[in-house]
Amino acid sequence: MSNPLVQAFFVGRAVAEVVNERLEVALTDALSDLGKFDAEAREQLRQFTEEVLERANRSAEAANSGQAATGSGQTNSDSGDLQADIDELRAEIALLRTELQHYRRTSA
């Protein structure tokens, strides 16, 4: 390696090989970390979903047991009665909004 051009060629080649190897390791590590993050995120989402469904099921069971205890002598209302109840509630809300607006105008 007495010729500086030949020496520069081999040094450049060695630098390129080392840089290539380090980039390969860095990319492999980054992809590994990304894979771990993805797996952890999926696991957390799965656990979250299970917890939500479990709570919903418990709430539904509690509501059903509460209806069975309090409504044992009553029949379930049909969809017409439910719609009538909803309409009544909407009318009450509209009336309350009107009264609230009237109160705000008189007190201002």
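## Arg-46 and Glu-50

A salt bridge links the side chains of Glu-50 and Arg-46, with an N to O distance of 2.4 Å. The coordinates come from a predicted model. Both residues belong to helix 1, where a spacing of 4 residues places them about one turn of the helix apart.

Glu-50 is partly exposed, at a relative accessible area of 44%. Arg-46 is likewise partly exposed, and its relative accessible area is 38%.

## Glu-51 and Arg-55

Glu-51 pairs with Arg-55 through a side-chain salt bridge of 2.9 Å, N to O. The two residues lie in helix 1 and are separated by 4 residues, about one turn of the helix. For Glu-51, the relative accessible area is 40%, which means that this residue falls in the partly exposed class, between 20% and 50%.

Elsewhere, salt bridges with shared partners connect Glu-43, Arg-46 and Glu-50 in one network.

## Asp-38 and Arg-42

A further salt bridge is formed by Asp-38 and Arg-42, whose closest N and O atoms are 3.1 Å apart. Helix 1, spanning residues 4-70, contains both partners, and they are 4 residues apart, about one turn of the helix.

Asp-38 is partly exposed, with 36% relative accessible area, whereas Arg-42 is exposed because its relative accessibility of 58% is over 50%.

## Salt bridges in the whole structure

Key. Residues numbered from 1 in each chain as written. Predicted model: local features only at pLDDT ≥ 70, side-chain atom pairs only at ≥ 80, totals over all residues. Heavy atoms only, no water. Salt bridge = Lys/Arg side-chain N within 4 Å of Asp/Glu carboxyl O. Buried < 20%, exposed > 50% of the residue type's maximum accessible area, 1.4 Å probe, protein only.
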